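Here are my notes on the model, point by point. Please keep the structure open while you read.

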Protein chains: 2
Amino acid sequence: MKSAALVVIGSELVDPARRDANGPFAKEGLAALGIPVALLARVEDRVESIGEVLQAALSRCDLVITSGGLGPTGDDVTREAAAALLGVGVHEDPRWLGILEERLTTRGRPLTELGRRQAHVVDGGEALDNGAGLACGCWIRHAGKHLILLPGVPREFQDILNAKVFPRLGSLFPDQPTVRVLRAVAAGLPEVEAEETLRPWYGKPGVDVSILPSLGVLRIGFTLTSPPLEKLEHTESAVRVALSEGLRKHLVSLDGTSLERRVGELLLERGWTLASAESCTGGLLGQKVVSVPGASRYYLGGITAYGNEAKQCLLGVPGGLLERHGAVSEETALAMVRGARARFNASCALSTTGVAGPDGGTSDKPVGTVWIACGTPEGEWTRKISFPLDRESVMEMSAHTALFLLWSKLRAEPSP
Amino acid sequence: MKSAALVVIGSELVDPARRDANGPFAKEGLAALGIPVALLARVEDRVESIGEVLQAALSRCDLVITSGGLGPTGDDVTREAAAALLGVGVHEDPRWLGILEERLTTRGRPLTELGRRQAHVVDGGEALDNGAGLACGCWIRHAGKHLILLPGVPREFQDILNAKVFPRLGSLFPDQPTVRVLRAVAAGLPEVEAEETLRPWYGKPGVDVSILPSLGVLRIGFTLTSPPLEKLEHTESAVRVALSEGLRKHLVSLDGTSLERRVGELLLERGWTLASAESCTGGLLGQKVVSVPGASRYYLGGITAYGNEAKQCLLGVPGGLLERHGAVSEETALAMVRGARARFNASCALSTTGVAGPDGGTSDKPVGTVWIACGTPEGEWTRKISFPLDRESVMEMSAHTALFLLWSKLRAEPSP
């Protein structure tokens, strides 16, 4: 299968904290043509550095699209880098130079020597009209591959892609396979256990498997690219069956639906409402619940009782119980669930109470010890987790474990 | 000057729309050591593709750090790709295998054949202890350059960098220019307004400015690299003065301290406590407050009153007031603050009530309309925001605005 690389050029853009506006646009357009992106790079504006990256990109991918470095200034060296890599020169494109002069005249500005560089193209390449700016793009065919140089300004990048590139790629890459993407979500099991189910699929031709673990939740992706269509459909149903049978009571969805959204759907099916009582997660659990649009149809609210006093006054946890068992205990977690159900008059409730750290741990209850409780009209359940990691991870794991516990109970058939 | 490349490995990460959590962390740490990043790449998890990118990176840069592809599963092939590129094999590190077995035993889990791969290192490379996970990192010296393979899970990536990589890079790259990194946090102003203050610094030699905006909070970074030391110190104080004067009542910190942490510090200084009353943010505000270790010293808890009934019963918002003004109103926000202060017996409280969307908007109160209120022993204040974006952004902006409002009042001198 043919694939593409996207290369962003500009020293100021070699910053992982900075968003690249052009990449998502290009990726979507290519996906619609069945062309996956196999490499993303951002590189400083030095001729040698750009050359190295373009070489790596061209050796793995059939289509390389660059953005940036086509302007008039001294640090715009993309054309020169491409030309050096291919062992050719650059020349002025007379047609685009004419358009450039005309556009500048309209704006009452002169064409400077530096400005002329915007009409330069790599020898053997074709100038691509820029409907939104002054620098032309450049399409170079080389050894059966395609290298396309585009300006970095988003509206210019997008204009040339839409007008000059996407319409022609379809016929140049006609044999792209039909692609099926299957996204599953699993919860409450470690990555290695999911592996047992996924392993038979690794390395199979036309099957690409990925796992993205995030503290109690696994996002599993299958990209299937095996024409013909019947075979693709057959593989897809085989994957579905394997996931359903292998992950069983951990498989939240086969269509990418998140754990919190699935919990909401199941609550709505039963006509039940939910409240939360949080201690160590400080609101994170509620925040996950309301991240689903329309959560107000089943989520009534929550009480974060960070101190013992709040646990007593606002959730009705008996003072004696707190004294006997401590705030981080199964008993307190259950009392919190009962308090939340009563205060909000909710069908179901979830609670968390634990030591998120970095301080507050004891030998008895070290950092990462969290009790979770769940109450529904059908019963009450608890879970203890021991997850000695950083504060943020402990909170995230606790919230996911609570949602998983409720989901497990909701997915079971209702009692007769 | 020596430079570094950061390579992210994983097909699912070759998505320009997806944030890379590891890159910014690595870039900052390297900047503090005076090592600029010249190349960023994200590549699919195929041995050949990874090899091509590593080759390009090693030919231009002296230090290449990869993240991802060290796990136990079939799509984890970073070690194999590095070994193939260097023409060597991989072997099991007996010391790390021992640690791995011990950690799994503690968790009551067996070491599987696949799991053993997490103790593999490239021949000639050194295993790097992972304080936060199961896969060891690997440091390979090759032709005077350094290739460091790290796991992709952010806390593991960061743990190994902090414990095993950064401390040793200083002596390996001793001739890097002296660098000063200055990190400021500003809140409650749009990026373009901060630009006014920052613009004079753009393009100055030896000064690198970055802004990372995140919905109501701006993180501003200055990296200064102009020896000699006196000149550096002079530039640094000039930047400090410029930021203090230019950003004035929006400048939260000049040392990177976050808005929520600064709020906590100011509350502790006054001996005040805080409670929260949330509607549309559903717990996010409380979660931000407790993300600061030790928040239990001033945060008592919060009530998320998602429905009107909860607003009445749990926060004591009068039913008549809700009828007259609606849940999304200045009056309701104030009543929620009063309710939270009373219920938790807290010195201060913050509240949010609004339309997070995507549904529920009206012509009068469109999606993105949020009322924020703040109460302290010194007074009560409100803010309205109109921020017609996606649900998550509306919530984030609301939580930040609430914290900014409280911070503004706390930083003012106490009344006499």
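**Notes on sheet, domains and chain contact**

1. Strand β9 (residues 180-187) of chain B pairs with strand β11 (residues 217-224) of chain B in the antiparallel sense, over eight bridges. Strands (E, at least two residues) and helices (H or I, at least four) are DSSP runs, numbered from the N terminus. Two strands pair if DSSP finds at least two bridges between them. Within this pairing, Val185(B) has Arg219(B) of β11(B) as its bridge partner.

2. A word on the basis. This is a predicted model: local features need pLDDT of at least 70, side-chain atom pairs count only at pLDDT 80 or more, and totals for chains, interfaces and linings use all residues. Residues are numbered from 1 along each chain as its sequence is written, while chains are lettered from A and ligands numbered from 1 in the order in which they are written.

3. Now the whole sheet. Four strands of chain B form an open sheet in the order β10-β11-β9-β12, with antiparallel pairing. β10 (207-213) and β12 (251-253) of chain B are the edge strands, and each pairs on one side only. On average, neighbouring strands of this sheet are turned by 25° against each other, direction ignored.

4. What packs on the sheet? Helix α8 (residues 259-270) of chain B does, touching β9, β11 and β12 of chain B. The direction of α8(B) makes about 80° with that of β12(B). Axes are lines fitted to C-alpha atoms, for helices over the stretch in contact, and angles run from 0 to 180 degrees between N-to-C directions.

5. Chain A is assigned domain 1 (4-172), domain 2 (180-253) and domain 3 (259-411). These bounds come from an automatic or database domain assignment. The centres of domains 2 and 3 of chain A, taken over C-alpha atoms, are separated by 30 Å. Nine residues of domain 2 of chain A are in contact with ten of domain 3 of chain A; contact means that C-beta atoms, placed from the backbone, lie within 7 Å. On the domain 2 side, β9 (180-187) and β12 (251-253) of chain A each give two or more residues.

6. Between the chains, 68 residues of chain A are in contact with 68 residues of chain B. Helix α2 (residues 47-60) of chain A gives the most to the chain A side, with eight residues.

7. β2 (residues 37-43) of chain A and β2 (residues 37-43) of chain B pair in the antiparallel sense over five bridges. Which residue of β2(B) is the bridge partner of Leu39(A)? Val43(B) is.

Terms used. Contact = placed C-beta atoms within 7 Å.
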